[in-house]
Amino acid sequence: DTLAILYDDLGVAYYINQLPDSASHYLNMALNLINKGRNIQQKMSILRHLGEVQKHQKKYELYATTLEEQLRLRDDAFTEQLTGAITSAELQFNEKDSTLQMQQIEGNRKELILALTLAIVTLGILVVFILWLRRNNRYINARKEELKVAYKKLTHSEKLYRQLFENSLGLICTHTPDGKVITVNKAYEDTLKVPRQFLRGKSISELLPSKYKNFFPDYLREVTDKGETEGWIKVLNGEGNELVLRYQNRMMVPENAEPFIISFAQDQTEIFQNRVQADEERRRLQTVMKNSPDIFSILQPDGVIKYMNRSNFFNAEEIVGKSVMQLLSNDEGINFYMNLKKTCESAMPVQIETELKDRHYLTKLIPIMKDNFVKEVLSINTEVTEIKRAQIALKKAKEEAEESNRLKTIFLGSLSHEVR
């Protein structure tokens, strides 16, 4: 009987933990053991538990059989007790042959039946209550353990997120829908050079330069209506210097809590300043190239024009995308292509002379490197037509002077001979 009770408890435990197959196995083993004895009450308890498991497994035929067995056992127990009581009453009746004794025996029998019935009902209620307390106690203990594990995991997760928040290199800030700071991380505090306790509860608009304060309500409306927004913003740090931040913000609406806005930002001040300087350099270079007497062009390694500041014969915008060889004569085009190829292969500047429509140019091809490869070639074309013409005129004058000197020498030689 003790082993059967143990298997019964195991079956109940597995059923509580949502393992009906294992529960059914142990309850059947308990039933086989209790059948070998005469403990009817324990057998009824095991059958009741087994019936609950079979009902949970939707094995309704087995469940019906189990219920019938419970009813049969209950009837047998009641019949056995009732029979014992009746037998005792009959013996007393046989011993005392009198009407009064018969009435007393009958009254005792009814009282015994009533008491027995009440005892059985009370015992059943007590057993059910004890089993319910045992099962409920196990369930409560299991829930306590689950809550302890969940709380431990939640605490660990919160610690990790807090470390991630504090040690992030990016600037993280949360603020209310009306723009008041809730919390900031260490990177935000270090970048602005303002203590976080001073920032808490302060409106972000107070960190903006005066000329940008009027745009802050527009930002709040956008992030509230759309749920997210991103862009650039200028703020003042604790030393009064302007910083440029690249932000990406999102509206968060947690359950049972007030909505807030989380902001992820990066300090882009140096990049912004470099971009401004690069833009100034680019404008300065464009001004130089636009007003330079030389012709600048950027070529692909195959000779296709990607950019040209101006042209003496063509519209600069129209010839972009065309090959230089299409604009030159065959011989000039071949010569130009060979030197362009030489520039790309040697990654060294090459200087050549080109001719286009009776105009002469001194062309310098300069490779533009990227990742140790020539990606583009800068062509600087300086017109030398007048110099070339002057050189031709000088050469012609030199030849005429040499011819004049030769004739003069011949004349003087002849004159000297005649004089002699």
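Q: Is the crossing in which α1 passes α3 left-handed or right-handed?
A: This is a predicted model, in which local features need pLDDT of at least 70 and side-chain atom pairs count only at pLDDT 80 or more, while totals for chains, interfaces and linings use all residues. Residues are numbered from 1 along each chain as its sequence is written, and side-chain values use heavy atoms, with hydrogens and water left out. Helices are DSSP runs (H or I, at least four residues) numbered from the N terminus. A crossing is left-handed if the near helix is turned anticlockwise from the far one by less than a right angle, and right-handed if clockwise; where α1 passes α3, the crossing is left-handed.

Q: Is α1 roughly parallel or roughly antiparallel to α3?
A: The two helices pack at an angle of about 25 degrees, with their axes 11 Å apart. Axes are lines fitted to C-alpha atoms over the stretch in contact, and angles run from 0 to 180 degrees between N-to-C directions. Angles under 35 degrees count as roughly parallel, over 145 as roughly antiparallel, 65 to 115 as roughly perpendicular and the rest as oblique. The orientation of α1 to α3 is therefore roughly parallel.

Q: How many charged residues does the contact of α1 with α3 have?
A: Contact means heavy atoms within 4.5 Å. On the α1 side it is made by Ala-4, Ile-5, Asp-8, Val-12 and Tyr-15, and on the α3 side by Gln-42, Ser-45, Ile-46, His-49, Glu-52, Val-53 and His-56. Ala, Val, Leu, Ile, Met, Phe, Trp, Tyr, Cys and Pro count as nonpolar, Asp, Glu, Lys and Arg as charged, and the others, Gly among them, as polar. By class, the contact of α1 with α3 has six nonpolar and four polar residues, and the charged ones number two.

Q: How many residues of α3 are buried?
A: Buried means under 20% relative accessible area, exposed over 50%, and partly exposed in between (1.4 Å probe, protein chains only). Ile-46, His-49 and Val-53 are among the buried residues of α3. Of the 17 residues of α3, the number buried is twelve.

Q: How are α1 and α2 oriented to each other?
A: Helix α1 (residues 2-16) and helix α2 (residues 20-34) pack at an angle of about 160 degrees, with their axes 8 Å apart. The orientation of α1 and α2 is therefore roughly antiparallel.

Q: Does Lys-202 count as buried or exposed?
A: Lys-202 lies in the loop between α7 (196-199) and α8 (216-226). Because its relative accessibility is 15%, Lys-202 counts as buried.
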